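Visitor: I'm new to reading protein structures. Could you walk me through this one, feature by feature?

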Amino acid sequence: MADSAHTPDLRIRWREALVTARGGEAGPDPLPYAENLLERWAEPQRKYHTTAHLTAVLDGIDVLAAHAGAPDLVRLAAWFHDAVYRPDRSENEERSAALAERALPEAGVPDGATAEVARLVRLTVTHDPADGDRDGEVLCDADLAILAAGPKEYARYTAQVREEYGFVPDDLFREGRSGVLRQLLGLPRLFRTPYGAEEWEARARQNLTTELKLLEATLP
């Protein structure tokens, strides 16, 4: 079952985004689609990629919405971006995009809008939208906003990520996670929207640097 603290509001947010994406046209009841997605987001292998993360990404999109060209399509992409999630597999984003391509036309979303949602979902593989891709910038910034969290929330995030990868031995996890952190810190910018660059970039880099130092202290 999905986290009851989040689901009533999430169902409303799903309905609003879906109805807007339909362009005013009638369509099937949005609720069964929301229920299917919420069940996916509540699967037991998830510790970080849960309905709480979905809610946080949607909240981030709300903050950044003025930067987007089609904010409700970005919101639908948030719903689908980790709808398929297995930490031991590498094709999660592609399978999530394919799910959107199947579900959204059935739910009454036009083909062009469906294609845009799927494109945005696939962007979360790299979090590297092209210059001028405002919708991509909003989704990627909202998805990465956790990196700029306060110390307690960031520590909870890293603990949840470690729990999701509990099947990986400690030394291999530390090595892999350190590589991810170095790659992120090597990017010229983590956030592409003006708000993200101004409000999140410096704190995110501080969090990543601190985590990397802690991990490197325990590496052989």
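Guide: Happy to. Let's begin with the secondary structure: the protein chain has eleven helices and zero strands. Keep in mind that this is a predicted model.

Visitor: What pattern does the protein chain follow along the sequence?

Guide: Reading along the sequence, you get α-α-α-α-α-α-α-α-α-α-α.

Visitor: And how do I judge the overall shape?

Guide: One way is to set the radius of gyration beside what the globule rule gives. Here the radius of gyration is 17 Å, close to the 17 Å from the rule for 220 residues, so the chain is as compact as a globular protein of that length.

Visitor: What percentage of the residues in the protein chain are buried?

Guide: Buried residues make up 48% of the 220.

Visitor: How do I read contacts between residues that are apart in sequence?

Guide: Take the contacts between residues at least 6 apart in sequence, then ask what share joins residues at least 24 apart. In this chain, that share is 66%.

Visitor: Let's zoom in. Why is helix H7 described as largely enclosed?

Guide: Count its buried residues. H7 covers residues 134–144, and ten of its eleven residues are buried, so the rest of the structure largely encloses this helix. Among the buried ones are Val-138, Leu-139, Cys-140 and Ala-142, and also Asp-135, Glu-137, Asp-141 and Asp-143.

Visitor: Which helices cover the buried residues of H7?

Guide: The cover includes H3 (51–64), H4 (71–81), H6 (111–123) and H10 (194–199).

Visitor: How do I describe the way H3 and H7 pack?

Guide: Look at the distance between the axes, the angle and the handedness. The axes of H3 and H7 come within 8 Å and cross at roughly 130°. The two helices are therefore oblique to each other, and their crossing is right-handed. H3 brings His-53, Val-57, Gly-60, Ile-61 and Leu-64 to the contact, while H7 brings Val-138, Leu-139, Asp-141, Ala-142 and Asp-143. Sort those residues by type and you get six nonpolar, two polar and two charged.

Visitor: At what angle do H3 and H4 pack?

Guide: They pack at about 165°, with their axes 10 Å apart. H3 and H4 are therefore roughly antiparallel to each other, since angles over 145 degrees count that way. This crossing is right-handed. On the H3 side, the contact has His-53, Leu-54, Val-57, Leu-58, Ile-61 and Asp-62; they meet Pro-71, Val-74, Arg-75, Ala-78, Trp-79 and His-81 of H4. By type, the residues of this contact are eight nonpolar, two polar and two charged.

How values were computed:
Residues are numbered from 1 along each chain as its sequence is written. This is a predicted model: local features need pLDDT of at least 70, side-chain atom pairs count only at pLDDT 80 or more; totals for chains, interfaces and linings use all residues. Side-chain values use heavy atoms; hydrogens and water are left out. Buried means under 20% relative accessible area, exposed over 50%, partly exposed in between (1.4 Å probe, protein chains only). Helices (H or I, at least four residues) and strands (E, at least two) are DSSP runs, numbered from the N terminus. Contact means heavy atoms within 4.5 Å. Axes are lines fitted to C-alpha atoms, for helices over the stretch in contact, and angles run from 0 to 180 degrees between N-to-C directions. Angles under 35 degrees count as roughly parallel, over 145 as roughly antiparallel, 65 to 115 as roughly perpendicular and the rest as oblique. A crossing is left-handed if the near helix is turned anticlockwise from the far one by less than a right angle, and right-handed if clockwise. Ala, Val, Leu, Ile, Met, Phe, Trp, Tyr, Cys and Pro count as nonpolar, Asp, Glu, Lys and Arg as charged, and the others, Gly among them, as polar. The radius of gyration is taken over C-alpha atoms; the globule rule is 2.2 Å times the number of residues to the power 0.38.
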